[in-house]
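Thanks for coming. Please have a look at it first.

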Amino acid sequence: SSINSNNKKHDEESLLTITTFCDLSLLYEARTVAQNYKSGPLSIAIFIDGDYREHNNATDAHIRQLLHAQFDTLHDNAFDITIGLLYANTSNAIYQRKGFSTSTPLSFRFPMNPLRNLAEYQVRTEWTLNIDIDFWY
């Protein structure tokens, strides 16, 4: 017997969600992933390089403008694109023990595990694949 894939319906649990993370400077890479992956949901965790207590209306407006500029025109993706924001907590004992300062390169301050966890926490499907933000070239 043959299977007609056009008749097969997929429920949300059987889909694969791609998860990834970046900072605001790499939003264009997140857009590339969103443009190229159209087979299921996408979950993106974005690191905001600043203390969460400094978030204000101006910061909110700036982040919204950046997100809208990158993602508002992606109308051909039939699946959800979920975006979560992760701020630093500079008063945290672990953060302070590491001796980070504003001059410390972002590559040393970038919280990869918490970002990956945030992206995975947002997943509602049974299957997930975590990729680097620059995976699609």
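Which strand gives the most to the lining of the largest pocket? It is strand 3, with three residues. Before I go further, please keep in mind that this is a predicted model.

Some orientation, then. The chain has five helices and four strands. If you read along the sequence, the order is β-α-β-α-β-α-α-α-β. There are 137 residues in the chain, and buried residues make up 36% of them.

The space in the largest pocket comes to about 190 Å³. Its lining is made by 13 residues, and those closest to the centre are Ala 88, Tyr 95, Arg 109, Pro 111 and Pro 114. Two elements each supply at least two residues of that lining: strand 3, which covers 81-88, and helix 4, which covers 106-109.

How many cavities of 30 Å³ or more does a search of the whole structure find? The search finds one. Ten residues line this cavity, and Thr 17, Pro 41, Thr 82, Gln 122 and Arg 124 are the closest to its centre. The volume of the largest cavity is about 70 Å³. Its lining splits into three nonpolar, four polar and three charged residues. In case anyone asks about the approach, rolling a probe the size of a water molecule over the atoms shows where empty space is left.

Now the surface. Leu 16, Trp 127 and Leu 129 make a nonpolar surface patch of about 290 Å². Leu 129 is found in strand 4, residues 127-130. Why does Leu 129 count as partly exposed? Because its relative accessibility is 41%, and the partly exposed class runs between the buried limit, under 20%, and the exposed limit, over 50%.

Where is Asp 80 found? Asp 80 is in the loop between helix 2 (57-71) and strand 3. With a relative accessible area of 41%, Asp 80 is partly exposed. Asp 80 and Leu 42 are 38 residues apart along the chain, and their C-alpha atoms are separated by 6.4 Å.

That is what I have for today.

Notes
Residues are numbered from 1 along each chain as its sequence is written. This is a predicted model: local features need pLDDT of at least 70, side-chain atom pairs count only at pLDDT 80 or more; totals for chains, interfaces and linings use all residues. Side-chain values use heavy atoms; hydrogens and water are left out. On a 1 Å grid over the protein atoms alone, a cavity is a set of points where a 1.4 Å probe fits but cannot get out, and a pocket is an open set with protein on both sides within 12 Å along at least five of seven lines; lining residues have an atom within 4 Å of a point. Grid points are joined across faces, edges and corners, and a volume is the space filled by probe spheres set on the points. Patches are made of residues with over 30% relative accessible area and no salt bridge: like charges are joined within 9 Å, nonpolar side chains (Val, Leu, Ile, Met, Phe, Trp, Tyr) within 5 Å. Accessible areas come from the Shrake-Rupley method with a 1.4 Å probe; for residues, only the protein chains shown count as cover. A salt bridge is a side-chain nitrogen of Lys or Arg within 4 Å of a carboxyl oxygen of Asp or Glu. Buried means under 20% relative accessible area, exposed over 50%, partly exposed in between (1.4 Å probe, protein chains only). Ala, Val, Leu, Ile, Met, Phe, Trp, Tyr, Cys and Pro count as nonpolar, Asp, Glu, Lys and Arg as charged, and the others, Gly among them, as polar.
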